[in-house]
Amino acid sequence: MMLRDRESLTILIFLTAVLIFTGLIFFQIQGGSSEARSISATEDPAKTPGHFSIRTVTPEGLPLSGVEITLTDKNVQLRKSTDADGRARFSDIRVQHFILTAKAEGFTEKSAWFMSGSSEILTLEPDITKHEVILRLHGSNTIGAKYAPDLAVGYLEKLGAENIRTEKGNSPEEQEVSGMLAGKRLTVEIKAHGSSTGFASLKDGSCDIGMSSREIRDREILALQHLGDMKAVASEHVVGLDGIAIITHPANSLETLSVDAIADIFEGRIRRWEETGSRLNGGIEVYARDDKSGTYDTFKGLVLDKRKLHEGARRFESNALLSDSVTRDINGIGFTGLPYVNRAKALAVGTEAGGAIFPTFFTVATEDYPLSRRLYLYTAAAPANPHVLDFIHYALSDEGQKKAADTGFVDLSIKTFAGLVPPGDATTQISPPVEAYAKAVQGGLRLSLNFRFRSNVFELDSRGMRDLQRVIAFLEKPENHGREVLLAGFADSHGAYAYNQELSLKRAQVVADALKARGVYTVEALGVGQELPVASNETPSGRARNRRVEIWVR
C-alpha cells in the first residue's frame, strides 16, 4: 500500500513537472508585435508515434521558410525534412521528450522542452540586439552631448519608430539612440570626441554627418573636396548658435573682463585675481577644453589668436565637467558653451566698441556677443544615404529648432528686440552715417539675425541663404503684415573710410535684392561703413563679425 502511495506521489510530481515545463515554453509576443513568429510542434496523428510536424502559426499565412528548426535529444540533432507546404517534419523520434530550438534572421533564438504527444507553441521575438545603423554623427562634444541625441530621438519619432531609447557607448562621449520600426531596431550613432574628429570621419567615410562648433578650415575644405564645396549651402548647415561663456566661481566679485584681459589670464600673464579687479586674493586656476574640442578651437581663434594656452591649465574633454569643476574652485576661471554655464557665473565681455556684453539670446543670435559662435552640421553635397538630408531638414525645421532651444542653445527662429540706437542729441558728436542710421531705425524693432557673407565675395554665407527664407516666413505671419523692412550694412576698418562706406552700402543692397527676388521690398537700405563695430578689427574673426547687414522692421 505504501509502495502504491509512493508511486502515486511520483506520478503526481512528474505530472506537475510536465505542467511547469509546458508553461515555460509559452513566450508572449512583446508589445503585441505582429512581427513575432510562433512555431508549433505537433505529433502528426496520421503517422506512427514519434513523427512530428513543425509549422509557423503567426503571422497568418507566413511559411516556415527562413526559420531553422532543430530537435535534440541529449545534444544529438535529429533528422529533418521539409515538405512542399513549408512544414518541417521530423521522423523516428523514439524518445519521450526532446528540446526544440528555433532561430531566424532578425529574431532571438529560443529553445523549449517538449514531450512526446504534446502540441505546444514557441514564439520568436525580434532580436533587439541586432540593429541597423541609419545615421552616424561624429564630431563636436558641444553638439553631441545632448543636442544631437535629442535631434535623433525626434527624428526617429518622425519616422514612426517606437520604444526609443538612448544608451551609452564605449566612452562617455559616445551614445546610441535607437527605436523599433517594422521589426527592425534603427540606430543613430553619435560619437562626440571633438569637432576635428568629425571632419576626419567624413574624410575616411566612417560618418555621415560631421558635427562642428567651429567653421570648417581651409585645409579641411581641401581634404573633403571630393564630397563637394563644403562652404556651400548644400554641405554647410548652421543648426543653432552658442556663446562661449567665460565662467568663474559664483562667489567671485568680478563682473567684466576685456578680451585682452581674458587672453592674458589664459596665456598665464595674469596669474593672480588681485590683478583683475576682483576682491579675491589668490592665484588663478585656469580650466580649458582639450585640443580636439571645437570650443577650444573657437576660443583660441577669438581670444588667444597666436598666443599659447597656459601650460598649467587643466584640460577637459567635456563642457559639463569643466563647468562643474570651476564651480567647485573659488579661484577657478574657465570657458564653456552657453548651455553649460549651469551653477557657474558668466562674465560680461568687453568690446572694442565700448561697454561690455553678456551672453544672452539676442546678443548670441545676432552674433554681436564677442564670443558667440555657430553650430554646424557638415555633409556631402549629394549624400548616398537618404537619411542624411532628411535629418538635416528635420534639424532646421521648427521642431528641430525647438530641440536646440530646449537644450540651452540659441535657436534660429526670428524674434524682435528693441535694438540699441546711437544717441542723436545735440550734446553728442556722431558721424553723418551713424546719424542717418539712428534716424532710420528710431522706433523700429531689430530682428534677431545678421546677414553675413562668404569671404571676398558679395555672396551670402550658408546661414544667410537660409535666413532669407526665415525672414519671408516671419513677414508672412498675420501680426507682421504691413511692416516696413529696413537694412543697414556695415564694414570692417581695413581700407579707406570712403571705400568702406561704399562697401557697406553695397552689402545692404545685395540683401535688399535677394529679398526683392522673393517678394519682399525694402523701404530703405543704407551703409554705415566701419562705424559701430561689434568686434575687434585686429583679428580675422573680428573683422568678419563686423562685415554684416542688420535687418529692422517698423
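Reader: Which residue is the bridge partner of Thr256 in E21?

Author: In strand pairing, the general rule is that two strands pair if DSSP finds at least two bridges between them. Strands (E, at least two residues) and helices (H or I, at least four residues) are DSSP runs, numbered from the N terminus. Here, Thr256 has Ala348 as its bridge partner in E21. E16 and strand E21 (residues 348-350) run parallel and are joined by 3 bridges. One thing to keep in mind: this is a predicted model, where local features need pLDDT of at least 70 and side-chain atom pairs count only at pLDDT 80 or more, while totals for chains, interfaces and linings use all residues. Residues are numbered from 1 along each chain as its sequence is written, and side-chain values use heavy atoms, with hydrogens and water left out.

Reader: What order do the strands have in that open sheet of 3 strands?

Author: The order is E16-E21-E22, with mixed pairing. Strand E16 (256-258) and strand E22 (356-357) each have a single partner strand, so one side of each is left without a neighbour in the sheet.

Reader: Which helix lies across E16 and E21?

Author: For angles, axes are lines fitted to C-alpha atoms, for helices over the stretch in contact (heavy atoms within 4.5 Å). The angles run from 0 to 180 degrees between N-to-C directions. In this case, helix H6 (residues 259-267) lies across E16 and E21, at about 85 degrees to E16.

Reader: How do I read two packed helices, and at what angle do H10 and H11 cross?

Author: Two packed helices are described by the angle between their axes and the distance between the axes. Take helix H10 (residues 386-396) and helix H11 (residues 398-407): their axes come within 4 Å and cross at roughly 65 degrees. That makes H10 roughly perpendicular to H11, a label for 65 to 115 degrees, with under 35 being roughly parallel, over 145 roughly antiparallel and the rest oblique. Tyr394, Ala395 and Leu396 of H10 make the contact with Asp398, Glu399, Gly400, Gln401 and Lys403 of H11.

Reader: What is the order of the open sheet of 5 strands?

Author: That one goes E24-E25-E28-E26-E27, again with mixed pairing. Its edge strands, each pairing on one side only, are strand E24 (416-417) and strand E27 (522-527). Strand E26 (residues 485-489) pairs with strand E28 (residues 549-553) in the antiparallel sense over 5 bridges, and Leu487 has Ile551 as its bridge partner in E28. Helix H12 (residues 432-441) lies across E26, E27 and E28, at about 155 degrees to E27.
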